[in-house]
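Welcome! Take a moment to look over the chains below, and then we can walk through them together.

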Amino acid sequence: MPIEVNGKTLETDEEGYLVNLDDWEPAVAEVMAKEDDLELTDEHWEIINFLREYYEEYQIAPAVRVLTKAVGKRLGKEKGNSKYLYGLFPYGPGKQACRYAGLPKPTGCV
Amino acid sequence: MSDKKQFMFLNRRAPYGTIYAWESLEVVLIAAAFEQAVSLAFVDDGVYQLVTGQDTSGIGMKNFSPTYKTLGDYEVRHIYVDKDSLESRGLTQDDLQVVPWEDWETEETVDNIVEVVDSAKLAELLEASDVVFSF
Amino acid sequence: MSDLHTVNKSPFERPSLDTCLRLSKPGSSILLYEDGVYAAVAGTAASDKVSGALADKKVYVLEPDFKARGLKADRLIEGVEMVDYAGFVDLVDACDKVQAWV
């Protein structure tokens, strides 16, 4: 189902992930979050930006476990746990945050 | 944990020409979730997967070589490269990627888990594995 | 002009290159692409085959495939020529026919 962002129509797959990674801009995350009735805070953006940096470097979306460990290491132990991440992204930090970040669904994520 | 199985992924194909290298990488990423002891071995044309400087912009395929660098985060503790295969292709360890590893709890680190080994050592490692996945 | 022979398999994995070299006439052109490009690298166990063929055949390698595999021009066997997609098309055009060793 396509989404409307800043007057552009962007293609998404059946689960709502962007089809073309290059289509991403911050407004994409805002539009997706709005559909989920979620207000994005700085804490959300910290994770979204982290995911984009990880993808840029390794060309994959990290598994949730890897994300949790990496966040703990880079952003502090109090953030590197499922409770914190699920608090921000109730549909699952892997799935939901990766979708907002314009990345594909993490490998091995069902 | 004593009930951990030793998984060995045996990679023998070059990247891009066939789908084997990418498929193997995907399975390795998934296998990490099962918390087993995962090792990778690169033999024959498989050694080409680890060569640095890959640039697929001209062939319209995804360059997945940067992904190997994160394997240490996916519970991969050992990456073995067959010395004979490297030598017969005019390659040395300097042509290969560096894959760091870190234990997130103890903060023990290894700068590079890529290790060039001879045939005798590799035969031993393969025999010692509980399961060998061939790609 | 004579035939253009194409090889897209690694010389270490399949006998495609060997058979191509054995069954192509002097004066032929050989284009290495996809995993076939590994045969164009100097200092490997297969290098002598290509250097030997250069005595009476022309050997080309497809640059995008060469670069995709992390290989640099300074690794090429001397005498092997690098071509891009347009160069590939020119070769096809210039030769009588294309014989693929897949």
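Predicted model: local features only at pLDDT ≥ 70, side-chain atom pairs only at ≥ 80, totals over all residues.

**A walk through the sheet and a contact**

For chain C, the average pLDDT is 96, and 99% of the residues score at least 70.

Now step back from that pair of strands. In what order do the 5 strands of the open sheet in chain C lie? Reading across, the order is 4-3-2-1-5, with parallel pairing. At the edges of chain C's sheet sit strand 4 (81-83) and strand 5 (98-101), each of which pairs on one side only. From one strand to the next, the twist averages 25°.

Next, turn to the place where chains A and B meet. Chain A brings 12 residues to this contact and chain B brings 15 residues. Which elements of chain A give two or more residues to the side that touches chain B? They are helix 2 (42-58) and helix 3 (64-75) of chain A. Of the elements on this side, helix 3 of chain A gives the most, with 5 residues. Sorted by class, the side of chain A that touches chain B holds 5 nonpolar, 3 polar and 4 charged residues.

Methods:
Residues numbered from 1 in each chain as written. Chains lettered and ligands numbered in written order. Pairing = 2+ DSSP bridges. Helix = DSSP H or I, 4+ residues; strand = E, 2+ residues; numbered from the N terminus. Axes fitted to C-alpha atoms, helices over the stretch in contact; angles between N-to-C directions. pLDDT = per-residue confidence, 0-100. Contact = placed C-beta atoms within 7 Å. Nonpolar A, V, L, I, M, F, W, Y, C, P; charged D, E, K, R; others polar.
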